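Open your viewer and get ready to select residues as we go. We will stop at a few places and look around at each one.

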Amino acid sequence: MSEYRSPLLQRPGAVPAEGIDEGLAWHFGNPVAEQRRLEAGTAKADLSNRGVVRIEGPDRLTWLHSMTTQHLSGLAPYTSTEALLLTPNGHVEHDLHLVDDGTATWITLEPGGAPQLTAFLKKMQFMLRVEVTDVSAEWAVIGEPADREGSAEEGLAWRDPWPEVASGGALYTAAEIEVAGHPRWAWREVLIPRAEFEKRVAEGEFDDAAGTWAVDALRVAAWRPRQGFETDHRTIPHELDWLRTAVHLNKGCYRGQETIARVHNLGRPPRRLVMLHLDGSMSELPESGAPVLNGSREVGRVTTAARHHELGPIALAVLKRSTPVDVQLLAGGVEAAQEIVVDAAAGPAADVPKMRRLPQS
């Protein structure tokens, strides 16, 4: 899929995306209007470069449960969840968007990740009754601003649980943020056969599609982390408030669990996610990876920058935890003010009502 090119790039006015989303459209000529349609629920987004892995066999859920951060052994059919695959040191290796249809578990993940994940899972198969297949060439993913699970009648879909707190999860935002109201994010990924996707594109069904510019702007406004953008080789889930949706703290052992437990129980993450409100007088946005400075001292990096149709220029950034919360920063040469996402002063937030629990069968 490294040479993948979406059929939607053939639309007049399509501007190609770069980086990890190369092969998709950055926008189709009017990114602000695309954002508004996407937020209103009248547009869809092309995510057809995402990897798709299918796992069949009666041992699939207990097997995945033993390796990932999420409680999966009793996952009910057509109930979406998020799981992380960590390195032995607890760093994020894969973000797995996972749903089971009763006979197979389907995982979507970042572009280019399916071959690596498939190879790893096959090494861990041993004598278990599971069969792992990279089906990225046969299945496409479409993003929809919808808060709805798939079904046997409608078809496969992964409903993003963000920013709800899954059973066994924990908050790393300040309690007052949750009480006041965390930014909402209604999103799901619909899986359709790639041949059907191409047919529907040819028939004009996606003529109102939104590009990656629009998706990133809404995602940044919702503080939603994305692997490959907010992550690097040192990222632990606590830094991005990822324990709310992707980590179950009361399950059995898995790779990287020691780091999860140690930081959660005894310490605080060394870095923290923030949203930056950028100086709107600047014509250019900071690039991903641009340094964030407090005076002359580098304190972090920009992870995703975007122009939001209401908030203006904004960005997510990962900063050193010790960075004062009230200082003006310079992000890639652009003045920026912080909006706190991960609390700098404390560990996990306590006594905050959970918004939803994932049902277990």
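Select Ala 45: this residue stands opposite Gly 143 in β9. Strands here (E, at least two residues) and helices (H or I, at least four residues) are DSSP runs, numbered from the N terminus. What you are looking at is a predicted model, in which local features need pLDDT of at least 70, side-chain atom pairs count only at pLDDT 80 or more, and totals for chains, interfaces and linings use all residues. Residues are numbered from 1 along each chain as its sequence is written, and side-chain values use heavy atoms, leaving out hydrogens and water.

Now show β3 and β9 together: they run antiparallel and are joined by 2 bridges. Two strands count as paired if DSSP finds at least two bridges between them.

Which residues have the most contacts inside the largest nonpolar core? Select Leu 38 and Trp 106; the core has 47 residues. Such a core is a set of buried Ala, Val, Leu, Ile, Met, Phe, Trp, Tyr and Cys residues joined through side-chain atoms within 4.5 Å. Buried means under 20% relative accessible area, exposed over 50%, and partly exposed in between (1.4 Å probe, protein chains only). Leaving aside neighbours within four places in sequence, Leu 38 is in contact (heavy atoms within 4.5 Å) with residues including Ala 45, Trp 187 and Leu 218.

Move on to helix α3 (residues 114-123), where Ala 114, Leu 117, Thr 118, Phe 120 and Leu 121 are buried. Look down the axis of α3: the buried residues fall within an arc of 165° (taken from the directions from the helix axis to the C-beta atoms), so they line one face of the helix. On the other side of α3, Pro 115 and Lys 123 are exposed.

Finally, colour by pLDDT, the predictor's confidence in each residue, from 0 to 100. The mean for the protein is 93, but pLDDT stays under 50 over residues 350-361. Where pLDDT is low, the predicted coordinates should not be read in detail.
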